[in-house]
Structure formats: C-alpha cells, structure tokens
Amino acid sequence: EMSEMSERSKQNVAHGLAWSYYIGYLKIVLPRLKKSMEEFSRANPNVLACRETWKLHILVPLSCDVYDDLEKADSNIQYLTDLTETTLTRAGTKKRVYKHSLYAIRDEDNKLWHCAVEYATPLQSLYAMSQDECAAFNREDRLEQAKLFYRTLEEILKGSKECAGTYRLIVYEESGEAETHFLSRDILWHLRQQCHEEYAVYEGNQPHNLSTTLSSTELNLQISESDLPQPLRSDCL
C-alpha cells in the first residue's frame, strides 16, 4: 500500500535517480578526482591555484534545463581541457571511459578562475519526463522532484566517506529575466567561498560555516519529512 502511494505521488522518481547517479557514477569518479587534479596541477602549476576548489562542481538547476555545451549557457564559461581519464570495465562494456572537463570562468575583472564543472545529468531525465505525455509529469511535479533529487543526493553524499571533500553541489533557480552571465556568477560565488575557507584554515582561524548547499540566490528547498520515500518494512528502522 505504501509502495502504491509512493508511485502515485511520484516520490520514488527523484529518490531513485539520486541513488543511481551516486552508485553508478559519483561513487566511481569522485574518489579518483583529487589524483587527476594533482596530476594536472603539477603540469600546470598556475592554473589550479586554490586547492580547496579541487572538486567536481555539480550544477543542479531546479528548472532541469541542462545545456550540453556550457559555453552556450554562458559566454563567460570557456572550456579549457579534460582531466586524466578513468577507464573501467562496467556492466559488459570494456574500457568504459569516465572523464571531467576543466573550465575557465571569467569574472567581472576579467580574471580567470578554473574548476571542473558539469551538470547533474539525471535532471535531463526529469525534464524529458515533463515533456512526455506518457509520464504524466507536469511542470510542478518536475520542480518538486528536482528539489527532492537535490535533497536526496545531498544526504547520500554527506554520508559517503569515499566522496568527502571531492564535490560541491551548486543548486540554483534561474530568474524569469534573461541574465546573460547568471551561471558564471553563481559558480564564481562558490569558488570564492571555497578559497575564503581555505585561507581561513591556513591562517589558523575557525572557518566560517558557509553552506555548500545553497547558492547566492538563497533558495528555499525545504521539503517535509513525510514527503520522503519511506521503507516498506517496519523492521528496517
């Protein structure tokens, strides 16, 4: 009965996507990311100056509007190069390749900041579902599922020892007005905060407890606990 209720309210959609994204991708690539960053930094010592930004910056637009080309999303974001590939045999595919791209983010003073950044790809599925009549998934459903996806993924990653310190979730809601450089400004906000935290630790001060889960738009993503998927067995508690 609880399973049917979850199906009708579509609560299991985002929950399943978040776990699949973690198990099938992030848990594989994130533990290897720092090594790739270190290799790149040794060959290019002036590019990744702030070690605190040696993370995968994961974009989570609540609109689920995902660009395949970040440079088209914002002209202040320019592709730089790819980090070292990870090659694994997975689910019958020989030598499956996993890689991340480095981008240069131009700020208002024409200074370049560099980081690995990409979208959370499961959001493409949520967007596609809202465009498919068979899914019976409207715009409001999509927004709620995007919020639940973010909250679920955040909790999963917080509990993952393998992924600690290797990621930064950048959740945002685009404004109704067309802002040419909204995305680059949001990424820059997170990069500056991370560098600030690094310097505070270096100086021996207690770093300011900045939330890594909210962007400068200060989104309200509260979802009641009753909305989250519940275990089907009472003895699971």
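**Sheet, helix and cavity**

Strand β1 (residues 56-61) and strand β6 (residues 112-119) run parallel, joined by 4 bridges. Within this pair, I58 stands opposite E118 in β6. The model is a predicted one.

Now widen the view to the whole sheet. It is open and has 5 strands, in the order β2-β5-β6-β1-β7. The pairing is mixed. Read along that order and β6 sits between β5 and β1. Strand β1 in turn sits between β6 and β7. The edges belong to β2 (77-82) and β7 (167-172). Each of these two has a single partner strand, so one side of each is left without a neighbour in the sheet. Neighbouring strands are turned against each other by 40 degrees on average, direction ignored.

Next comes a helix on the sheet. Helix α5 (residues 139-158) lies across β1 and β7. Its direction is at about 165 degrees to that of β7.

Rolling a probe the size of a water molecule over the atoms shows where empty space is left. How many cavities of 30 Å³ or more does the model hold? The count is 1. The largest cavity holds about 50 Å³ of space. Its lining is made up of V29, R32, L33, S36, T84, T86, Y98, K99 and H100. Helix α2 (residues 11-43) supplies the largest share of that lining, 4 residues. By type, the lining divides into 3 nonpolar, 4 polar and 2 charged residues.

How values were computed
Residues numbered from 1 in each chain as written. Predicted model: local features only at pLDDT ≥ 70, side-chain atom pairs only at ≥ 80, totals over all residues. Heavy atoms only, no water. 1 Å grid on protein atoms, 1.4 Å probe; cavity = no way out; pocket = protein on both sides within 12 Å on 5 of 7 lines; lining within 4 Å. Points joined across faces, edges and corners; volume = space filled by probe spheres on them. Nonpolar A, V, L, I, M, F, W, Y, C, P; charged D, E, K, R; others polar. Pairing = 2+ DSSP bridges. Axes fitted to C-alpha atoms, helices over the stretch in contact; angles between N-to-C directions. Contact = heavy atoms within 4.5 Å.
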